[in-house]
Amino acid sequence: MIDPILIDECLSPKLASVAQARGLACMHVTWLNLEGTSDWHVAGLAAERNYVIVTNNRKDFLRLYAELEVHNGLIIIVPAVVRREQMRLFDLAIDVAERQDSLINLLIEVHADGSVEVQNWAKDR
């Protein structure tokens, strides 16, 4: 199960429409009035509400999620790209995510060339 999904503020709110068009529950950080909130707070909220986080803030979220024993999944769009490209890459990430039995403790990284990597990413990985 790959929802609910929470899109980080560093990515376009339009990504939510990609998920919603596929029948997935999706929110954007700004819709929750959390713009400017620290990454650790967003990660904590995600854990509390069972969100899969989507971000391009690779460095910070890899560090934060490596400290969690359990999380609902982390999707990283690796490059900082324009909105239309974000949407294309996120759609690819959803394709891969939907083929997984579970996203618990999984990291999905999608790259500009369309390649997608999946790995375990949690405290005891």
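1. Asp3 sits in the segment before strand E1 (5-7); strands are DSSP runs of at least two residues and helices (H or I) of at least four, numbered from the N terminus. The model is predicted, so to speak of local features pLDDT of at least 70 is needed, side-chain atom pairs count only at pLDDT 80 or more, and totals for chains, interfaces and linings use all residues. Residue numbers start from 1 along each chain as its sequence is written, and side-chain values use heavy atoms, with hydrogens and water left out.

2. Asp3 is buried but has no salt bridge, and Arg22, the nearest side chain of opposite charge, is 11 Å away. Buried means under 20% relative accessible area, with a 1.4 Å probe and protein chains only; a salt bridge needs a side-chain nitrogen of Lys or Arg within 4 Å of a carboxyl oxygen of Asp or Glu. The Asp3 side chain does reach the backbone nitrogen of Ala25, at 3.0 Å. Beyond its neighbours within four places in sequence, Asp3 is in contact (heavy atoms within 4.5 Å) with Gly23, Leu24 and Ala25.

3. Asp8 lies in the loop between E1 and H1. Asp8 too is buried without a salt bridge, the nearest side chain of opposite charge being Arg63, 11 Å away. Its side chain makes a polar contact with that of Thr55 at 2.8 Å; such a contact is a pair of N or O atoms within 3.5 Å, where within protein one must be able to donate a hydrogen and the other to accept it, and residues adjacent in sequence count only if both atoms are side-chain atoms.

4. In H1, the buried residues are Leu15, Ala16, Val18 and Ala19. They lie on the same side of H1 because they cover an arc of only 155° around the axis, taken from the directions from the helix axis to the C-beta atoms. Their cover includes E1, strand E2 (26-28), E3, E4 and H4. Gly23, with a positive phi near 80°, follows H1.

5. The largest nonpolar core has 23 residues, of which Ile5, Ile7, Val54, Ile77 and Phe90 touch the most other members. A nonpolar core is a set of buried Ala, Val, Leu, Ile, Met, Phe, Trp, Tyr and Cys residues joined through side-chain atoms within 4.5 Å. Two or more residues come from each of E1, helix H1 (14-21), strand E3 (52-55), strand E4 (74-77), helix H4 (83-98) and strand E5 (106-110). H4 gives the most, with 5 residues. A second, separate core of 18 residues includes Leu34, Leu45, Tyr65 and Trp121.

Terms used. Buried < 20%, exposed > 50% of the residue type's maximum accessible area, 1.4 Å probe, protein only. Lys, Arg positive; Asp, Glu negative; His and termini not counted.
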